[in-house]
Amino acid sequence: MNPITFLKAAYIVAWVVYLGYPGRILLRMGRMEEERKDLERKGTGSPE
Amino acid sequence: MRKLALISIPVTVVLLGVTSYLALEVAPTEQTMGDVQRIFYYHVPSGWVAFLCFFINFVASVVYLWKRSAASDAMAAAAAEVGVVFCTVLLITGPLWARPVWGIWWTWDARLTTTLVLWLIYVSYLVLRRFAAGGQTQVLAAAFAIFGFVDVPIVYMSIRWFRTQHPSPVIGGGQGSGLDPAMARVFLANLAAFTLLGILFLVLRYKLQVKEQALELAHAEAALKGGSQ
């Protein structure tokens, strides 16, 4: 295999991880916000 | 905080774009390995940020055991996860560089093995935090992190202490080591960009952890209220 293929693969993997990770954090934040609102609706008060 | 994010996110993205261009197009081609050596500009900064995060995890864990503050526990959890992300990239880009240069994907030399062990230690730490039951999880995790950090200097020194397939240190090595000045400039620019990216991830993950703590507390209060009615 051409060495350039390995170079491209390394860069693609790195960028997939580095773009995917903050995306995952933001998704988790969104879910948590929904859960917090759900708790508030049930009348348990704000968690913050 | 929002203002800082509005400035730091575009700055980091632009900086990463510029440094990627420098690494792929501007840095001189290494004589023996050719273009594949350009993985170096991602591989080493990823390792550096992983080490930095594990160090922050270590300090935050010590502070937690001393002060028992929720903020230091949140920082420890955030730093461990971000460190694992960067260490994962390190462990993937390493074999992708090794295959065309060494002819093998992996070898059980001291540097590679201790790095894999390091990754496993912090993955175990995250699993422990996620699944351990009981009120002492944070204390247990902090103690685990302090012992786990011992592997970081071992990884760093492994290429100095042992004869390894992994190259000897290029930066801060002995006689004959060092980078071409044009390569060094590109490397330092990438190091700065990755450090900034790591800090951004850390801040974002820390905020998530603080929200998680608040939500856990709210759930506990809700359960208490439910129980007392």
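Tutor: A residue is buried if 20 or more other C-beta atoms, placed from the backbone, lie within 10 Å of its own. This is a predicted model: local features need pLDDT of at least 70, side-chain atom pairs count only at pLDDT 80 or more, and totals for chains, interfaces and linings use all residues. Residues are numbered from 1 along each chain as written, and chains are lettered from A in the order written.

Student: How much of chain A is buried?

Tutor: Of its 48 residues, 12% are buried. Chain A has one helix and zero strands. Helices (H or I, at least four residues) and strands (E, at least two) are DSSP runs, numbered from the N terminus.

Student: What makes two residues count as in contact?

Tutor: Their C-beta atoms, placed from the backbone, lie within 7 Å. By that rule, 29 residues of chain B are in contact with 23 residues of chain A. Helix 7 of chain B gives the most to its side, with 14 residues.

Student: Why are helix 1 of chain A and helix 3 of chain B called roughly antiparallel?

Tutor: They pack at an angle of about 175°, with axes 9 Å apart. Angles run from 0 to 180 degrees between N-to-C directions, and axes are lines fitted to C-alpha atoms over the stretch in contact. Over 145 degrees counts as roughly antiparallel. So these two helices are roughly antiparallel to each other.

Key:
Parallel < 35°, antiparallel > 145°, perpendicular 65-115°, else oblique.
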